[in-house]
Amino acid sequence: MADTGWPGCAKSLKGVILDLCGVLYDSGDGDGVAIPGSIEAVKRLKESDLQLRFCTNETQATREKFVAKLQRLGFDISVAEVFPPAPAAIAVLKERGLRPHLLVHEGLLPEFDAVDKTNPNCVIIGDAAENFSYQNLNEAFRVLIGLERPVLFSLGQGRYYKETDGLKLDVGVYMKALEYACDLKAEVIGKPSPTFFQSVLGDMGLKPNEVWKTSGIFMHNDLSGLQEMPSDERHPTVTADATVDNLAQAVDVILGQRGRGA
Amino acid sequence: MAGRRALKAVLIDLSGTLHIEDTAVPGAQDALNRLRQASVAVKFVTNTTKESKRILLERLQQLNFDIQEKEIFTSLSAARSLLEQKQHRPLLLVEDSTLEDFTGIDTSEPNAVVIGLAPDHFNYQTLNRAFRMILDGAPLIAIHKARYYKRKDGLALGPGPFVTGLEYAADCKATVVGKPEKAFFTQALSDVGCSPSEAVMIGDDARDDVGGAQNAGMLGILVRTGKYRDGDEKKTDPPPYLTCNSFPDAVEHILQNLL
């Protein structure tokens, strides 16, 4: 296979960040389904000398529950390797002394058990799915409009995603609705926020140009975060993602190139 | 007036201009009668998402305004005429109380999405459905894009946030049919048979009534009733053709200076 579109430097890679939904599995009823070849691809990456982390905007379940689901699907993944937005949001709340009103999926609520939610002075929205009712959006709106300095955190800003029974509106749509209603700009926690990627890179102890990141069908969402980084740290492979059909193929190319160069 | 043709039509806003809730603006009924004695067409134009023409008419007649249903043109009428013109079959996300304004419109196998104010219909499933239709090519039509409105129990989200969300999801731009859109004013004038330069608009909303009308080529008169707040006349560029205390003053000015 030609090297065009790939960094001539797959050999110099030290880590890989994988998106989950759309790359490892397609969501849907129950646990969803693993994408063919992806279980094996994760296994091969783990057996290589590359560091591996998983980055997700999953906000419908706690990290523990979510990882348990991935394990049931057959993936060899542990909780410490997975980075969703909710723990990052809780860190931000603590740092800034904020108490949230939550508009999130019921499955995510336990993540916020220990967080002070009395007399809220900010709003956090995640992919609340069925909880995105007029009533609940209105409550979030009223909290925001009643604040002197309204703060809205959005766990991701995706437009939509695919489930086995069709496309579903994602949290970004409701973030935009509240932004318009309150005439404010939300702070996005999760992909594609550069600080979110930075925290994953920090955990790996690597620089952006040492890491390859794949992202699936919402590639432009994922890539913009990396592109917002300082240009000298910009990832060399951002334009190459489009040439990958699936994870198995990407891993073939990366490991193949590294093998050839060794 | 120099540079303008003789006035042929007067467009009048309803809520805030002729009445405030269930009270008429003092002298408004007589002023309307005086205007009708002049040789000028009169139409009533309003952004409504909750009330059908019939409900609007009943309220105005109870307040003793001499008005006929065919003289009322609302944002719902504008949506309807757009649907008819394009032969769209809409998914109607509007309050049930307004459905009568869409009587006769084919809504089977919908191929367009119309968003009004529909708290009962704005839920996850319906919005997903609307989104999928838009992604498949259905046009998104917004009655208007108000951010929020006042309810007895406090502020509540208007249609604007939901329209904006769907625009973001499908990476599209909604066709807004209500005020202050240019098309709204030209449509309101179409059955009068005159051009915008031959018409004047009277309303209490600097941006939606006056700004919109003037942008369409009409004259705009701002009245200091209803939602008017001090300094509103500075909110439009160019400023209103005229700002006056209330509807009767506006009529007086028209009768004296524009006919």
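Trainee: How many salt bridges does the rule find across the interface of domain 1 and domain 2 of chain A?

Mentor: A salt bridge is a side-chain nitrogen of Lys or Arg within 4 Å of a carboxyl oxygen of Asp or Glu. By that rule, the interface of domain 1 of chain A and domain 2 of chain A has 0 salt bridges. This is a predicted model, in which local features need pLDDT of at least 70 and side-chain atom pairs count only at pLDDT 80 or more, while totals for chains, interfaces and linings use all residues. Residues are numbered from 1 along each chain as its sequence is written, chains are lettered from A and ligands numbered from 1 in the order in which they are written, and side-chain values use heavy atoms, with hydrogens and water left out.

Trainee: Where are the bounds of the two domains of chain A?

Mentor: Domain bounds come from an automatic or database domain assignment. In chain A, domain 1 is 12–32 + 50–84 + 192–256, and domain 2 is 97–189.

Trainee: Which residue counts and what buried area describe the interface of these two domains?

Mentor: Contact means heavy atoms within 4.5 Å. On that basis 15 residues of domain 1 of chain A touch 19 residues of domain 2 of chain A. Buried area is the accessible area (1.4 Å probe) that two parts lose on being put together, summed over both. For the two domains of chain A this is about 1500 Å², with 51% of it on carbon and sulfur atoms. On the domain 1 side, helix H2 (63–72) and helix H7 (219–227) of chain A each supply at least two residues; helices (H or I, at least four residues) and strands (E, at least two) are DSSP runs, numbered from the N terminus. That side divides into 3 nonpolar, 9 polar and 3 charged residues. Here Ala, Val, Leu, Ile, Met, Phe, Trp, Tyr, Cys and Pro count as nonpolar, Asp, Glu, Lys and Arg as charged, and the others, Gly among them, as polar.

Trainee: What area do chain A and chain B bury between them?

Mentor: About 2700 Å², 61% of it on carbon and sulfur atoms. In chain A, the residues that lose the most area to chain B are A:Tyr134, A:Leu169 and A:Tyr180, together 31% of what that side buries. The contact involves 28 residues of chain A and 29 residues of chain B.

Trainee: In what order do the 4 strands of the open sheet in chain B run?

Mentor: Two strands pair if DSSP finds at least two bridges between them. The order in chain B is E6-E7-E8-E11, with parallel pairing. Strand E6 (90–93) and strand E11 (175–176) of chain B are the edge strands, each pairing on one side only. Strand E8 (residues 140–142) of chain B pairs with E11(B) over 2 bridges, and B:Ile141 stands opposite B:Thr175 in E11(B).
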